[in-house]
Each structure stands twice: as C-alpha cells, then as structure tokens.
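Please read the short briefing below alongside the sequence and the model. It is arranged by topic for a reader who is new to this structure.

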There are 6 protein chains.
Amino acid sequence: MEFRVIKSPSKGTIDILMKRLGTDVNNTLSCVDAIGLVQGRMIDMICAADIAEKAVGVTVADIRGSCPQNMIMIAIFGDTASVESAILEIKCNLEKEKAIC
Amino acid sequence: MEFRVIKSPSKGTIDILMKRLGTDVNNTLSCVDAIGLVQGRMIDMICAADIAEKAVGVTVADIRGSCPQNMIMIAIFGDTASVESAILEIKCNLEKEKAIC
Amino acid sequence: MEFRVIKSPSKGTIDILMKRLGTDVNNTLSCVDAIGLVQGRMIDMICAADIAEKAVGVTVADIRGSCPQNMIMIAIFGDTASVESAILEIKCNLEKEKAIC
Amino acid sequence: MEFRVIKSPSKGTIDILMKRLGTDVNNTLSCVDAIGLVQGRMIDMICAADIAEKAVGVTVADIRGSCPQNMIMIAIFGDTASVESAILEIKCNLEKEKAIC
Amino acid sequence: MEFRVIKSPSKGTIDILMKRLGTDVNNTLSCVDAIGLVQGRMIDMICAADIAEKAVGVTVADIRGSCPQNMIMIAIFGDTASVESAILEIKCNLEKEKAIC
Amino acid sequence: MEFRVIKSPSKGTIDILMKRLGTDVNNTLSCVDAIGLVQGRMIDMICAADIAEKAVGVTVADIRGSCPQNMIMIAIFGDTASVESAILEIKCNLEKEKAIC
C-alpha cells in the first residue's frame, strides 16, 4: 500500500483528480487544503475507504473508470491535519488486521 | 487469496461496493452487519462463491465490470458471525482441496 | 495450469458461470452434477478444450468477455466421474506434450 | 515463446478458434488436418507470422480482439507435416536471430 | 519512476503525444522547445503533476485513454531549461517524501 | 527493449501490421523492403519514435488500439540499410541517455 499527501494542491492537480473520480464528489473540494492519496489492491482500498469514511473532517472518493472492478486508488480531501490523521488511521488498522490474520 | 471482514460498514463503503457489484444484490443489504471480502484468482473465486452460497445466513455477490472474465473479488454480506464462519469455510475447503491436488 | 472440481454446484454458482460463459451452453446444464474448471494460458486452454471435447459425457464451455483473445478459463460440465476423467485426460496430455517439447 | 500442435482438432476447438480469429480465415479450414499454435510477445509473433507465411502448405491467422495491439497468439492451419515444419522454421529463425542480436 | 527529455522534438513525435494526451493541451505546443516525460505509478504521477504545475514556464499534460484510472505518464512541455528544472524538482520532492515516509 | 528486422516482409505480414497501425501510414508501404520493429515501455517508445523520425529514409508508425496510452511497439518502414541504421541510432541514443541518468 502506498500513501502520499499533497498540501495546497494546484488547481490543475485537483482538475486531474476530479476527471478521474466518481461524480458524487462535492464541488466545494476545489479549494481543499490537502489531498491524501492511497493506492493498493482493491480489497485493501475498500477497507481503507471504510476507515477514512469513519474519520472526522474528510471526504473520501474512489476512482472509477472503464474497469470498475480494479479500484486502485482513493483520494481523501480535507484540511491537512484531518487528512494526515485519516491516513494514519488506515495505516494502523490495516497493519493491525494483517497481524491478526 | 486475501480475506478481510468489515464490521458495521459505513454507508459510503456499502455504496462503493453496490456500484461495483452485479445488479441482483438485494437492496436490504444497505443495513448489513458485516461484509466479508475475498480476493483471488477467478478459478478460486468461483469455488469460494460456491462454498459461501452453501453457508447459512449470508448473501454472496461477485464483482462484474468491463473485463468479466477476471472476477477477482466476491463480497459476502450478513451478520458478523455468519460472515466469519463463511470465510472460515472457504479457507478450510480451498486449503484442503489444494492439499489433495 | 490450475484445476478445480465443484460437486453439486449451487444454483448461484451456475448462474455466475452462465453469465460469464459463451451463449451456446445448453440450458439443461442448470441441473448439472459437477463442474470442472481449468485456468491457464490461452494456448494451453485451447488444447485443453480440444482434449475435453474428445472426452465422453461432458460439455465444454470457454469464457468470453471484452478481451476475447485472453481465454483464461474453460468449464467442463457433466457427471462427477466424467468431469474428473476429462480433467485427468487434460493433465496427462498437456504434461506429456510438454515432456516431448 | 510457446508452441503446440493439435492433430485432428475437434469441431468445437475449431469453432472456438474461428470466433477469436480475424475474419479473413478461409471457411475450408473447418476440415483442417492440424492446427499449430504459437503464443508470445507481439514483436515475436509478427516475425513468426512472416516466417509461417513464407512456408508452404499452411494458412496463418492472428488473433484479434478488443486490445488489438497485444497480439499474443497466431494459429497455423494445414496438414500435420506442413504445420510442424512451419513451427520448426519459426523456432530456428527466431532462435538464430536472438543469437545474432 | 522513469524520466526522459526530448530536445527539439520532431513534428511526428508531438503528433503522437497530442493524440494520446487530453484535449486541454494548448495548440501552441506544436512548436515547443523540449518535452519531459515522466512515467510511473498513478499515485506518484499525480504528485509529479502537482510539482510540475507549481514550476515556472512549463505546461503539464496527463495521458488519458480507455483505462483512465491507470495514468502512467505525464508530459511536460516548455523550453529545455524549464523542463529540466521541473523534472529535477519532481525527482527531489518525491525522493524526499519517500525518505520521510 | 526488443528489436527485430523483417527483410522482404510477406504481403500477409504487412497486412497484419497495417490493420494494427494508425491510419496515417502511407499506402506505398505495401512494397517496402524491410520492417524494423521496436517494442518496449511507452516512455522509451516515444523517444525511439523521435529518434527514428529524425533518421533518413524511413517512415515511423506507432501502434494504436483500444488502450492508446500503452504504446508498446513502433514499426519502421524503409530499405534494409535505412531501417537497420535507424534501429542502431535508437539503441545508441537510449543507452547513452540511460548512462547519463
């Protein structure tokens, strides 16, 4: 699993993401503070989306395309602190679950 | 083969899955207790779907997309105990069959 | 090459396969005794289909999708004994040919 | 690169191939004596098709699908001796060229 | 991640790229001084696009096709010095971030 | 990166390539002396196309299909000496650039 945080993303970067994300992303995201990106296998990305969804202050979007069964990246929009805390949550939970399995 | 169980999935997570799953999934799943995810090669996933189908208290759905011959994930909906027991069943049976072959 | 036999497949499993298989599969298969699955590279699957076609008491179906040149799985329908004998035939012949080449 | 020869192919096998091959394959192939299959990387398959095209007594067909730039298999139709000799020719020439490069 | 710079690209090369790039690339690029190419995983390419977007004197374009979720290459158009400086920026930033994570 | 040169290509081979190449290939290529094939990663193929475009006496074509962002092969048409010299140029330049990076 790979993680990246883009602080103060440029307008062009948000445009690139918007075109690749599903349509139910709120337009107010165009002035977002930070974007967290998580890329991995589909089974892990669905768990990651669930964890981020339960975090506070962030909006989660998954990438859809012509091969909808291969979700390989989710984007987490919000202020920098919330995005970083959501990503930390994902890291901890998925590592923990792996340790149990 | 990879396994994950999501307990009390968020509404957003169920939405993501619903959009990626085949259309014959019952709408009553929107208030499901747990979701089991199994990802693997197509040949194993068809066997896993058969085992889960024969288990009690769960609904099985396979993911379809533009490349239908690469089924790589099935989702098992139900209460936590039933989902975990269905996944255990899959693990045991597919391991057993591998040992025989 | 991977092999699996599903005995007394559930109705849901046959449905999953039917939706992914070509249209010339006989409808009478819905009450089939066993399903043999063979997954592998396209070149081997065409040979496997030929061997199974020449076996007795089974119906062979190949999987078609949006990438028709990547046949990666064939399904062999019939009673358990015939399916297992057809799969044994495939194993022996393809191993033998490999040894010669 | 992988090679296989199917002798006296069953009608079902020819049907499977016909549906996956380009449309300019002669219908008279339905009573062909043998089928040679060659699978490999696109660059090698174009060379293999050229070598087989220059051989005597065989018809060459390449597989086309929704991803036409990934030609991964060619089929060579003809009597058993011609098919085997064309495949030998491919093996020798492509090995030879590799040794030079 | 892979990097390449094409100086004084031929008209044919710009044509090839234009056909593969998204439609919002400015037509004035047809007389561009240099093209920087960056290829990598989607998560890295979105960060790379953000870094290049914030650099001076270059235009960034991402490649779109039938599988839009797998952005594997971005092109950076501009004069040679600006393109090389943008690519250096990408190298430094993505390496740095990796070291922190 | 893989290279191959087909001398005096058969009509069938040119047909196979023509169907897979973009439409702006000149029809006069049907009586071409030699075909050079170069297969590799997209980023390298765009550089290779640029180098070949700047060479003398050859026509360059890239392969397009349903996944236009995955250009994996270019074909270089011309007389044998020009094709071989263009391929040598590609080998030298891409190796050289790799050594610098």
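Leaving aside its neighbours within four places in sequence, which residues is E:Ser10 in contact with? They are F:Asp50, F:Glu53 and F:Lys54, where contact means heavy atoms within 4.5 Å. This is a predicted model, in which local features need pLDDT of at least 70 and side-chain atom pairs count only at pLDDT 80 or more, while totals for chains, interfaces and linings use all residues. Residues are numbered from 1 along each chain as its sequence is written, chains are lettered from A and ligands numbered from 1 in the order in which they are written, and side-chain values use heavy atoms, with hydrogens and water left out.

**Confidence**
- Chain A has a mean pLDDT of 80, with 75% of its residues reaching 70 or more; pLDDT is the predictor's confidence in each residue, from 0 to 100.
- Over residues 65-69 of chain A pLDDT stays under 50, and for this stretch the model has 22 contacts beyond four places in sequence.

- E:Ser10 sits in the loop between strand E1 (2-7) and helix H1 (11-20) of chain E; helices (H or I, at least four residues) and strands (E, at least two) are DSSP runs, numbered from the N terminus.
- With a relative accessible area of 12%, E:Ser10 is buried, a term that means under 20% relative accessible area, with exposed over 50% and partly exposed in between (1.4 Å probe, protein chains only).
- The side chain of E:Ser10 also makes a polar contact with that of E:Thr13, at 2.7 Å; such a contact is a pair of N or O atoms within 3.5 Å, and within protein one must be able to donate a hydrogen and the other to accept it, while residues adjacent in sequence count only if both atoms are side-chain atoms.

- Not counting residues up to four places away in sequence, F:Ile74 touches several residues, including F:Val38, F:Met45 and F:Val60.

**Sheet of chain B**
- Four strands of chain B form an open sheet in the order E1-E2-E4-E3, with antiparallel pairing; two strands pair if DSSP finds at least two bridges between them.
- The edge strands are E1 (2-7) and E3 (58-62) of chain B, each of which pairs on one side only.
- E3(B) is joined by five bridges to strand E4 (residues 73-78) of chain B, and B:Val60 has B:Ile76 as its bridge partner in E4(B).
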